[in-house]
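Look at the structure first, then work through the points.

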Amino acid sequence: MMEEINGRVRHSAYGHRIERTQSPLLAYSIPIVTILLGSLSPLLPVIASAPLLPPLGYLFFLSWRLVRPGLLPLWAGIPFGLFDDLFSGQPLGSAIMLWSLTMLALEVIDNRYPWRNFVQDWLLSIVFIAVYLVVSALVAGFNHGGVRLELLLPQFVFSILLYPIVAFVVGSLDNFRLRRVKRTA
């Protein structure tokens with residue numbers, strides 16, 4: 001009856017909508033791949049006398065956690081932090097500790113304030129980025145006798161300004177990973 005009135009009710013440009021479902025491969029792999037690719041950013045050929053490149057792996061990790069709070073498990077900071085430690089040049093365990101503490105702190109904040117908007121997430125990310133950069137610098141420079149925190153200012157400003165772009169990319173990738181694809185079985 002309904003198809004007689006409007007023949008396009010059950011059809012789309014891609015065929016039947018009933019035969020479409022989300023791909024588990026896309027749903028689980030896209031967040032993991034983006035965080036791991038972000039952690040590989042220290043391998044880019046950027047030569048600077050002071051830290052300039054933001055911690056992209058941490059920005060993607062933080063963005064995925066803020067955009068999709070239940071997506072990453074609470075223990076996800078351990079493997080992602082280990083991978084980041086292997087490529088960032090930081091002492092082994094620093095990113096593991098910082099990323100795990102980030103997950104724990106965000107879990108507490110989500111339990112206390114479950115509804116936030118983008119501005120609040122951006123302010124929250126500014127705090128987390130500042131703590132991450134300062135503690136990373138202190139851990140990395142602990143053996144060398146001193147750390148000049150004013151050298152982190154360009155990296156901090158660049159990270160803050162880059163966060164909305166990273167959050168937009170994560171939101172777009174989230175829409176892509178949840179897109180329905182044709183079911184093969």
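α4 passes α5 in a right-handed crossing (the near helix is turned clockwise from the far one by less than a right angle). The model is predicted: local features need pLDDT of at least 70, side-chain atom pairs count only at pLDDT 80 or more, and totals for chains, interfaces and linings use all residues. Residues are numbered from 1 along each chain as its sequence is written, and side-chain values use heavy atoms, without hydrogens and water.

**α4 with α5**
- Helix α5 covers residues 94-112, and its axis lies 7 Å from that of α4 at an angle of about 145 degrees.
- On α4 the contact (heavy atoms within 4.5 Å) uses G77, I78, F80, G81, L82, D84 and D85.
- On α5 the contact uses S94, A95, I96, W99, S100 and M103.
- These residues divide into seven nonpolar, four polar and two charged, with Gly counted as polar.

**α2 with α4**
- The axes of α2 (residues 24-39) and α4 (residues 77-88) come within 9 Å and cross at roughly 25 degrees.
- The two helices are therefore roughly parallel (angles under 35 degrees).
- Their crossing is right-handed.
- I32, I35, L36 and S39 of α2 meet F80, F83, D84 and F87 of α4.
- This contact has six nonpolar residues, one polar and one charged.

**S136**
- S136 sits in helix α6 (residues 118-140).
- S136 is buried, with a relative accessible area of 5% (buried means under 20%, with a 1.4 Å probe and protein chains only).
- A polar atom of the S136 side chain lies 2.8 Å from the backbone oxygen of Y132.
- S136 also touches Q90 and L98, leaving aside residues up to four places away in sequence.

Definitions and conventions: Axes are lines fitted to C-alpha atoms, for helices over the stretch in contact, and angles run from 0 to 180 degrees between N-to-C directions. Helices (H or I, at least four residues) and strands (E, at least two) are DSSP runs, numbered from the N terminus. Angles under 35 degrees count as roughly parallel, over 145 as roughly antiparallel, 65 to 115 as roughly perpendicular and the rest as oblique. Buried means under 20% relative accessible area, exposed over 50%, partly exposed in between (1.4 Å probe, protein chains only). A polar contact is a pair of N or O atoms within 3.5 Å; within protein, one must be able to donate a hydrogen and the other to accept it, and residues adjacent in sequence count only if both atoms are side-chain atoms.
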